[in-house]
Amino acid sequence: MGRRTKSGGKPGSHAGSKTGGRRGTAAASDVLEVAKGARSDGPVAGVYYIDTGDCELIADQDNSTGWLLRINGVMSSHIDLADPLFLDFEYMRWMSALIESRWQPETKPRLRGLHLGGGACSLARYFHAAYPDARQVVVELDGKLAEYVRGWFDLPKAPLLRLRVGEARAVTETLTPDTRDFIIRDVFAGAVTPVALTTAEFNEHVRRVLAPGGIYVVNSGDGPDLKNAREDAATIAAVFEHTIIIADPAMLKGRRYGNMVMAGSDQPFDDDPQLARRLLGGAVPAHIWDDEKVRAFAAGAQVRHDPAPPSTAE
């Protein structure tokens with residue numbers, strides 16, 4: 001069966017309406033209210049109240065086992081119930097390819113992963129299938145959404161996959177140093193990543209939590225002016241010794257709205273021809289920018305910082 005391909009998640013051209021909340025996707029009478037603690041035996045199409053507004057579960061018309069999740073009016077995730085190794089969003093394919101380039105699945109590494117932003121847990125399901133011994137934590141702000149996703153998509157149980165309800169930065173700041181091999185930031189409030197998750201200070205927390213050789217991977221959404229992408233790149237480059245960007249040529253040239261995958265590490269990213277071929281072979285071919293190109297792209301862009309603390313002057 002032919003399957004759609006997408007260039008990315010929240011900011012991409014397929015994202016649809018960006019109006020959010022309980023008025024954004026359906027009339028109040030059309031929204032399903034499920035009792036707290038009730039568990040679904042599987043996905044049922046409809047719009048559901050969640051803690052932060054509403055979400056819509058949509059059957060994939062091109063794939064009989066696929067489901068799309070829209071949160072507060074913005075397309076968030078895709079799940080194929082029959083095939084966890086199928087990723088419908090291109091930026092997720094790029095993320096998985098990058099991580100598999102460093103840790104080949106056939107070597108059966110017992111990876112420790114942290115996902116900041118849950119959605120439908122598409123990547124967490126993928127990595128569980130690719131690395132069966134991995135231990136993963138997904139941090140999701142919306143407790144009701146996490147509850148739904150657990151029931152809809154039959155996710156792996158703890159300790160293989162734990163869903164932790166909380167704010168991504170607050171959770172990250174509590175974690176023990178050197179305890180994660182990869183950390184993925186895919187957090188959006190509407191179509192924008194909260195600023196607190198984009199600053200140099202937050203990147204320092206991420207670097208502290210990563211084990212030596214670990215990778216921090218982010219979904220950076222932007223429009224043609226690339227201002228947000230340049231600032232994301234500049235901030236990551238200010239904290240991590242080695243960086244990389246993966247994106248399609250149109251996005252790199254500022255010709256459309258979409259997603260860039262950026263990553264930082266204390267270890268160089270290998271010049272992996274297999275990774276390059278894999279990225280070029282997708283429905284939306286992507287290019288890789290090495291550390292030198294990333295820093296040239298980010299030159300002159302603002303490095304984001306946390307706001308200064310309020311003055312305590314008497």
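Colleague: Which residues of H1 are buried?
Modeller: Keep in mind that this is a predicted model. H1 covers residues 90–102 and reaches 19 Å from its first C-alpha to its last, close to the 18 Å expected. Twelve of its 13 residues are buried. Those are Glu90, Tyr91, Met92, Trp94, Met95, Ser96, Ala97, Leu98, Ile99, Glu100, Ser101 and Arg102.

Colleague: And H2, how many of its nine residues are buried?
Modeller: The buried ones in H2 are Ser122, Leu123, Ala124, Arg125, Tyr126, Phe127 and Ala130. The helix is largely enclosed by the rest of the structure, because the number of buried residues is seven.

Colleague: Is Arg185 buried or exposed?
Modeller: The cut-off for buried is under 20% relative accessible area. Arg185 has 2% relative accessibility, so it counts as buried.

Colleague: What is the N to O distance between Asp248 and Arg256?
Modeller: Both of these residues, Asp248 and Arg256, are buried. Their side chains meet in a salt bridge, with an N to O distance of 2.3 Å.

Colleague: About how many helical turns separate Asp291 and Arg295?
Modeller: Their side chains form a salt bridge at 2.8 Å, N to O. Asp291 is partly exposed at 22% relative accessible area, and Arg295 counts as partly exposed at 31%. They are four residues apart in helix H9, so the separation is about one helical turn.

Colleague: Which residues do salt bridges that share partners join into one network?
Modeller: A search of the whole structure finds 14 salt bridges. Arg185 and Asp232, the S9 and H6 pair, belong to the network. Its members are Arg185, Lys227, Glu231, Asp232 and Arg304.

Colleague: Last one: which residues form the negative surface patch?
Modeller: Start with Glu292, which sits in helix H9 (residues 291–298). Patch residues need over 30% relative accessible area, and Glu292 is exposed at 65%. The patch is formed by Asp270, Asp271, Asp290 and Glu292.

Key. Residues are numbered from 1 along each chain as its sequence is written. This is a predicted model: local features need pLDDT of at least 70, side-chain atom pairs count only at pLDDT 80 or more; totals for chains, interfaces and linings use all residues. Side-chain values use heavy atoms; hydrogens and water are left out. Patches are made of residues with over 30% relative accessible area and no salt bridge: like charges are joined within 9 Å, nonpolar side chains (Val, Leu, Ile, Met, Phe, Trp, Tyr) within 5 Å. Accessible areas come from the Shrake-Rupley method with a 1.4 Å probe; for residues, only the protein chains shown count as cover. A salt bridge is a side-chain nitrogen of Lys or Arg within 4 Å of a carboxyl oxygen of Asp or Glu. Lys and Arg count as positive and Asp and Glu as negative; His and the chain ends are not counted. The place of a charge is taken as NZ of Lys, CZ of Arg, CG of Asp or CD of Glu. Helices (H or I, at least four residues) and strands (E, at least two) are DSSP runs, numbered from the N terminus. Buried means under 20% relative accessible area, exposed over 50%, partly exposed in between (1.4 Å probe, protein chains only). The expected span of a helix is 1.5 Å times one less than its number of residues.
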